[in-house]
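Dear colleague,

I am passing on the structure below, together with some notes on what came out of going through it. Please read the notes with the coordinates open beside them.

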Amino acid sequence: MIRAILGLAGALAALFPDRAVDAFEAVALEETDAETKPWVGSAVRAEGVLAVAAGLLGGRASAWPANVTGVFGLVVFAVPRAYRAFAARLLYEEPDEVRWADRSTPLLRAVGAAYVLAALGAFRRRRRGRERGDDSGSEDPAERVEA
């Protein structure tokens, strides 16, 4: 279920990257005139495409992205203030003008937790597939083709 939600969010980000950035800023930032760097929209679109691809492919094809997403989520969940400082420097032309809203900490923790849960779910599915002797990388036994 979490993978489906993240896949849907990825599709929306891929289709509407500027709106995705605006929505995030509306929730996570106080009123600010800070401008994002020119490449941010393209990066959001690429992240969305990767999220959709990982969600659709499943199995081994999504293992590496799921692991990276889980580690990223753990960092965001554990140290949201450090992540905010890093994100401001990475994403904004004038990082000192970025004013994070008080609600950004629980928001970031929720996003981090969702990423960790999605990665753990993917790990559990891969592990169950290995225990069944499923070498195809398929997460669902119904997806396996018997010869």
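A residue is taken as buried when its relative accessible area is under 20%, and as exposed when that value is over 50%. Please keep in mind throughout that this is a predicted model.

With that cut-off, Ser 104 counts as buried, because its relative accessibility is 0%. Ser 104 lies in helix H6, which spans residues 104–131, and, once residues up to four places away in sequence are set aside, Ser 104 touches Ala 28 and Arg 84.

Ala 28 also belongs to the largest nonpolar core, a set of 11 residues that includes Leu 29, Val 76, Tyr 83, Trp 100 and Leu 108. Helix H5 (residues 80–91) gives the most to this core, with three residues. As for Tyr 83, which is one of the core residues, its contacts, again leaving out residues up to four places away in sequence, are Phe 72, Val 76 and Leu 108. As general background, nonpolar side chains in soluble globular proteins tend to be buried together.

Turning to charged side chains, the count comes to one salt bridge, in which the side chains of Arg 89 and Asp 96 meet at 3.6 Å, N to O.

With best regards

Terms used: Residues numbered from 1 in each chain as written. Predicted model: local features only at pLDDT ≥ 70, side-chain atom pairs only at ≥ 80, totals over all residues. Heavy atoms only, no water. Helix = DSSP H or I, 4+ residues; strand = E, 2+ residues; numbered from the N terminus. Buried < 20%, exposed > 50% of the residue type's maximum accessible area, 1.4 Å probe, protein only. Contact = heavy atoms within 4.5 Å. Salt bridge = Lys/Arg side-chain N within 4 Å of Asp/Glu carboxyl O. Core = buried A, V, L, I, M, F, W, Y, C linked by side-chain atoms within 4.5 Å.
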